Amino acid sequence: MCVFPRYEKSFGTFDNAYPLLGVKAFMPPQGMLVIAAYLPKRWQVRFVDENVKPASDADYRWADVVMTSGMHIQRNQINAINRRAHSFGKVTVIGGPSVSGCPEHYPEFDYLHVGELGDATDTLIQLLEVSVARPHEQVRFETKERLPLADFPTPAYDMAAMDKYFLANVQFSSGCPYRCEFCDIPELYGRNPRLKTPQQILKELDAIVAGGAIGAVYFVDDNFVGNRKAALELLPHLVEWQKKNNYPVEFACEATLNIVKSPDLLALMREADFWTIFVGIETPDPAALKLISKDHNNTVPVLEAIQTLNSFGIEVVSGIIMGLDSDTVETGERILKFVAESQIPVLTINLLEALPRTPLYRRLQAAGRLNDAPGRESNVEFVLPYDQVVAMWRKTFQNAFTPEAIYERFSYQQKNTYPHRVQPPPSGKANLRNMLRGFTTLAKLMWIVGVKSDYRRVFWKMARPALRELDIEDIIHVSLVSHHLISFAREAARGAQNAAFYSPELKAQTA
């Protein structure tokens with residue numbers, strides 16, 4: 001059994017929108033579905049994503065081997081899966097980013113798989129072929145030779161209920177050439193991006209659509225333009241696939257802000273129907289960017305770069321970090337000024353968390369500035385007083401996502417970004433299932449937001465003109481995302497949500 005652990009509720013996973021859209025989870029676990037597809041065909045494989053439904057006792061009794069994976073933030077849930085499997089006498093295996101970064105966090109697992117898919121995976125499979133008995137002591141396998149991405153199987157999308165996810169996902173590359181101080185991607189996956197072939201991606205997209213995915217397909221690459229030449233080679237294939245299939249989905253990805261230096265690439269992304277790019281802006285302060293080794297954001301004027309992306313029909317989602325060493329008491333106000341000027345609707349304003357296997361972690365560890373005490377919102381000892389930083393974050397977060405502010409920023413996007421997108425034929429998405437889902441979602445939004453909410457006037461200011469234009473898609477997108485942002489910000493203001501979205505300590509306390 002391949003079982004993926006539950007995430008705690010988070011700003012970035014849009015949990016508050018799930019009941020309105022009729023989904024259960026954010027994205028299917030790409031890595032776990034790759035493993036499920038890679039295992040020998042003669043094995044019986046069962047996939048369970050506990051974000052959709054928990055694994056049952058019957059699932060555990062059925063399994064000979066229980067495999068899991070996850071990120072640091074899921075550490076508590078990962079260890080709970082191990083304990084439950086052992087209670088049924090089952091051998092356990094863990095792989096993925098968290099154990100690869102910190103094997104010491106998982107002392108009770110039977111087998112550790114450190115590193116990516118490769119020779120260690122094959123050795124582990126051979127061992128399990130011989131015996132599924134629990135070993136007398138923990139055994140660790142570490143990948144020395146990684147399987148080329150061009151040899152990866154199509155993830156087992158057929159095992160996942162794709163219509164239960166907010167987004168579908170696909171991976172084209174792995175790794176990032178940049179060395180941002182707070183990021184563990186280069187150490188886990190390398191600085192020279194490894195690549196799949198365009199043909200692999202098209203095959204995976206076919207499987208995603210066949211599996212019943214709704215909405216967008218997110219490229220989970222650490223940096224979609226980490227290898228710009230490869231991205232340029234892929235995009236014409238995406239354009240052709242979209243045209244051939246009448247644009248059944250839209251795309252989203254993560255990229256560095258200097259993507260705007262490639263207008264030819266942006267033009268192809270527009271034609272392929274990329275709607276959204278997540279950009280790690282981190283801070284509007286150029287000096288601070290230099291200090292955190294993100295000086296490549298200084299190679300282009302930030303606000304000008306955002307406008308360029310908008311001109312290609314691409315809405316920007318931004319990462320913002322508070323608690324940097326360069327922060328001052330004015331940082332919160334500067335961020336709010338940037339939010340208003342940039343007109344970015346969705347920003348993950350997050351307290352700094354030092355992840356293992358990053359230059360930041362090592363620097364703070366050497367300086368004695370790591371603090372893992374229970375109850376803290378971050379493991380970083382900030383330069384400013386801790387309580388002051390948390391209070392500044394809470395105020396900034398709340399003010400950025402008032403109903404008036406978020407709807408005003410979306411209004412800008414409706415006027416200045418969305419009109420620049422391609423206008424695909426309606427036949428690609430206009431099947432009976434999607435139409436029923438759309439009308440059901442719209443009805444829920446009109447009742448919950450348009451009638452019951454205390455910001456219904458703000459909603460109707462947006463919705464009335466859109467309804468006159470029969471622009472149902474915009475109404476659903478804007479109000480669905482806004483509902484999550486507004487409600488989550490209010491929860492955060494009450495102290496019910498955390499300020500560091502990557503902290504397993506705090507997540508455990510709010511479980």
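Mentor: Keep in mind that this is a predicted model. Begin with isoleucine 448, which sits in helix H17, residues 432-452.
Trainee: Is isoleucine 448 buried or exposed, or in between?
Mentor: Partly exposed, at 33% relative accessibility.
Trainee: New topic. Where is isoleucine 344?
Mentor: In the loop between helix H13 (331-342) and strand S14 (346-351).
Trainee: And is isoleucine 344 buried or exposed?
Mentor: Buried, because its relative accessible area is 1% and the cut-off is under 20%.
Trainee: What does isoleucine 344 touch?
Mentor: Leaving out residues up to four places away in sequence, it touches Ile281, Ile306, Val316, Val317, Ser318, Phe338, Val339 and Arg409.
Trainee: How many Å apart are isoleucine 344 and glycine 212?
Mentor: 30 Å, C-alpha to C-alpha. In sequence they are 132 residues apart.
Trainee: Okay, glutamine 171. Where is that one?
Mentor: Also a loop residue, between strand S7 (168-170) and strand S8 (173-174).
Trainee: Why does glutamine 171 count as buried?
Mentor: Because its relative accessibility is 17%, and buried means under 20%.
Trainee: What lies 3.1 Å from a polar atom of its side chain?
Mentor: The backbone oxygen of serine 173.

How values were computed: Residues are numbered from 1 along each chain as its sequence is written. This is a predicted model: local features need pLDDT of at least 70, side-chain atom pairs count only at pLDDT 80 or more; totals for chains, interfaces and linings use all residues. Side-chain values use heavy atoms; hydrogens and water are left out. Helices (H or I, at least four residues) and strands (E, at least two) are DSSP runs, numbered from the N terminus. Buried means under 20% relative accessible area, exposed over 50%, partly exposed in between (1.4 Å probe, protein chains only). Contact means heavy atoms within 4.5 Å. A polar contact is a pair of N or O atoms within 3.5 Å; within protein, one must be able to donate a hydrogen and the other to accept it, and residues adjacent in sequence count only if both atoms are side-chain atoms.
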